[in-house]
Protein chains: 2
Amino acid sequence: MGGEAKGPDAVPSSSENDLISYAELLFFAYRDFISEPDEILETYGFGRAHHRVLHFVHRTPGLRVAQLLNILKITKQSLARVLKQLIDEGFVTQRAGKMDGRERLLYVTPKGAKLAKELAALQVARIKSALESAGPGTDAGTRRFLFAMISEDEQQHVASLLESSSEPASSDHDPTDQQ
Amino acid sequence: MGGEAKGPDAVPSSSENDLISYAELLFFAYRDFISEPDEILETYGFGRAHHRVLHFVHRTPGLRVAQLLNILKITKQSLARVLKQLIDEGFVTQRAGKMDGRERLLYVTPKGAKLAKELAALQVARIKSALESAGPGTDAGTRRFLFAMISEDEQQHVASLLESSSEPASSDHDPTDQQ
DNA sequence: GAGTTACGTCAGCCATGCTGACATATTTGC
DNA sequence: GCAAATATGTCAGCATGGCTGACGTAACTC
């Protein structure tokens, strides 16, 4: 069981059993990571699905529906349900693209931005505190680990999403066309 | 905003915005982390809930129902549904406790063990590969980070769960059994 | 003008959370 | 020994958020 026999430059080695506990740590960490936002969302009558939509629209103003589907990896119908609620209740707005009128570019309203920030603040606080408690120098490595946990054919998408942060989505195939 | 002013031994500092991308990395990592097992589970007519139950029973033979509820943080009724299926289809068995006959101690059957191992192998492979790709020395730090992401009042429970790995659960009111 | 694309929507199904109430067996305490 | 507490099971019903398939509309492309 303790399959420790590896090449010289392998990871200093977690035994097979330790790696299973990694899976458990991920489970518990994620479970608690979403629990705080969940409580707030409940007071709005929203769920996790709303949070994800609100987050990515907030993060990437002008996001198109198709892009959002790609990010969330859910179906159009699943998205439509929560997106409609967010729009009806004034957290998100749509505007037709100027170049391509079929596109519905998504933006948060001020009200939506406020909620998005409130939720993000909770999670950022937890992450910040976890990084501090994990000790200096943990940041970069953990980031590399999390990124490497993403399926290979998705890593590129995620990388460009992360880079384009706080820039508007290149939604209209025209850099000048925002807002 | 760019709250970089910290004590001298603070984490080398991710900006507020970088910390948000941490949340996204967690989302994507977790999304893909469960996607592979999900596919296999589907062929058995099972879902994630079954996976979690099977995993923790496999990992902690003799687990009691109440302990499982504590780990999963779901209600008895939610658990009952999936547990019943796992029992009915011969993946998990129950035995009454010897000291306390009210307890139903949970064990995986050989069939259950096989499935549990198959699913764990997928996740272990992903973790192993991610650790390698993140570079040597990432392991310990990431582990500390994930642990620190768990809510404080839960960390103790998780810690003792991880330690007791591959030992039978102290199900018969062993003095070391902290609810 | 036909076909494609981006999106919306309707109808309905399934998995997995939830609450509250109640049944049963067993252990514990007086 | 009997009442109360405990561990578990179960019933009925609800909500969220996944899913599929089909179809409609507007706008762009050729």
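Of the atoms of DNA strand D that lie within 4 Å of the protein, 58% belong to sugar or phosphate, and the rest belong to bases. This is a predicted model, in which local features need pLDDT of at least 70 and side-chain atom pairs count only at pLDDT 80 or more, while totals for chains, interfaces and linings use all residues. Residues are numbered from 1 along each chain as its sequence is written, chains are lettered from A and ligands numbered from 1 in the order in which they are written, and side-chain values use heavy atoms, with hydrogens and water left out.

DNA strand D is surrounded by 26 residues, a residue being near a strand if one of its heavy atoms lies within 4 Å of it. The closest are A:Arg52, A:Thr75, A:Arg81, B:Lys76 and B:Gln94. By class, this surface has twelve charged, eight polar and six nonpolar residues; Ala, Val, Leu, Ile, Met, Phe, Trp, Tyr, Cys and Pro count as nonpolar, Asp, Glu, Lys and Arg as charged, and the others, Gly among them, as polar. At least two residues of the surface come from each of α3 (48-59) and α5 (76-88) of chain A and α4 and α5 (76-88) of chain B. Helices here are DSSP runs (H or I, at least four residues), numbered from the N terminus.

In the side chain of B:Gln94, an N or O atom is 2.5 Å from a phosphate oxygen of DNA strand D. The side chain of B:Gln77 has an N or O atom 2.9 Å from a base oxygen of DNA strand D. From chain A, a polar backbone atom of A:Ala49 is 3.4 Å from a phosphate oxygen of DNA strand D.

The two protein chains also meet each other. Their contact (heavy atoms within 4.5 Å) takes 61 residues from chain A and 61 residues from chain B. Between them, about 6,200 Å² is buried, 69% of it from carbon and sulfur atoms; buried area is the accessible area (1.4 Å probe) that two parts lose on being put together, summed over both. B:Leu25, B:Arg143 and B:Met149 supply 10% of the area that chain B buries against chain A, more than any other three residues.

Four salt bridges are counted between chain B and chain A, each a side-chain nitrogen of Lys or Arg within 4 Å of a carboxyl oxygen of Asp or Glu. One salt bridge joins the side chains of B:Arg31 and A:Glu154 (3.5 Å, N to O).

Terms used. A polar contact is a pair of N or O atoms within 3.5 Å; within protein, one must be able to donate a hydrogen and the other to accept it, and residues adjacent in sequence count only if both atoms are side-chain atoms.
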